Amino acid sequence: MARFAALAETGSTNDEMIARATGEQAAEWPDLSVIVTDNQTRGRGRLGRSWLAPTGKSLAISALLRPALPDGSPLPAGSYGWFPLLAGAAMTRAVRRVVVAGHEKKAAEAAIAGEESVADAPPVTLKWPNDVQISGYKVSGILSEMLPIPAGGVPGGLVIGAGLNVSLDEHDLPTISSTSLTLVTGSRVSPDAVLAGYLGELAALYRGFLAAGGDAVASGLHAEVSALCGTLGQAVRVELPGGGELLGTAVAIEDDGRLRVREHSSAEETSVAAGDVTHLRY
């Protein structure tokens, strides 16, 4: 990372990063700068929802991206829609590594004790567009915010915020559909290790995306997100930003990152650029 700041406490890491990236010292906050804290007091998620967690039991991470193509020209505006999915894929990879390691530890302990082998590691998937789930329970969420566009209309960059439930117990969880790394693995998880894993994955996917000119298909990002996405093949309800809802089956992610849904009522397919997705269980 180009610059890293760990704060003892802040209201919102996204707000903090946006202020620093657009203030008088903006030049000191280059591409791939990061702010992180384990005590965020005014966090927020998508659709203006609040995001709160006990001190020391979660991570709030904000990464500043100032994307440009290899020749220095601006990234095409149409490529920006991939950044929430890119960050979601990075977090899914990092969380999956922690969960698999925890499962392998349990399996080794069971073998030493002469006990029956443990079940398979729980699945870690990306819920379109920007939640990470373990066995269908949310462990992380992503919130991307554009920086103000300066004169000339060229995007100045964006901030990608991520919240991760690290060591919350059952009483700390914000919703009944949430979980934490400690609850899943049954052991203490190093916040520093999972943070390093996420930032490493984020940087690798980001650089590959830029090297391919912001083309998600050519860079392999489209295939990676599709492979990680647990929404595909699911019956879903999509609450649309303008009101109304869409009921159907999620069938594909388009080349521009939109979710294609085959409606139950008509079998017509609709591509959704934004919306609140619920996986339906019948």
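## Elements and model

Helices (H or I, at least four residues) and strands (E, at least two) are DSSP runs, numbered from the N terminus. With those names in hand, let's look at a few local features of this predicted model.

## Two helices in contact

Let's start with helix α2 (residues 83-112), which packs against helix α4 (residues 191-211) at an angle of about 140°, the axes being 8 Å apart. Since angles over 145 degrees would count as roughly antiparallel, α2 and α4 are therefore oblique to each other. Their crossing is right-handed.

On the α2 side, the contact includes Phe-83, Leu-86, Met-91, Arg-93 and Arg-97. Their partners in α4 include Val-194, Gly-197, Tyr-198, Glu-201 and Phe-209. By class, the residues of this contact divide into 14 nonpolar, one polar and three charged.

## Backbone features in loops

Most residues other than glycine have a negative phi, and most peptide bonds are trans.

The peptide bond from Trp-128 to Pro-129 is cis, its omega being near 0°. You will find Pro-129 in the loop between β6 (124-127) and β7 (131-134).

Leu-32 is not a glycine, yet its phi is positive, at about 65°. This leucine, Leu-32, sits in the loop between α1 (13-22) and β2 (33-37). With a relative accessible area of 4%, Leu-32 is buried, the cut-off for that being under 20%. Ala-267 also has a positive phi, near 65°, and is a residue other than glycine; look for Ala-267 in the loop between β12 (259-263) and β13 (269-272).

Methods:
Residues are numbered from 1 along each chain as its sequence is written. This is a predicted model: local features need pLDDT of at least 70, side-chain atom pairs count only at pLDDT 80 or more; totals for chains, interfaces and linings use all residues. Side-chain values use heavy atoms; hydrogens and water are left out. Axes are lines fitted to C-alpha atoms, for helices over the stretch in contact, and angles run from 0 to 180 degrees between N-to-C directions. Angles under 35 degrees count as roughly parallel, over 145 as roughly antiparallel, 65 to 115 as roughly perpendicular and the rest as oblique. A crossing is left-handed if the near helix is turned anticlockwise from the far one by less than a right angle, and right-handed if clockwise. Contact means heavy atoms within 4.5 Å. Ala, Val, Leu, Ile, Met, Phe, Trp, Tyr, Cys and Pro count as nonpolar, Asp, Glu, Lys and Arg as charged, and the others, Gly among them, as polar. Buried means under 20% relative accessible area, exposed over 50%, partly exposed in between (1.4 Å probe, protein chains only).
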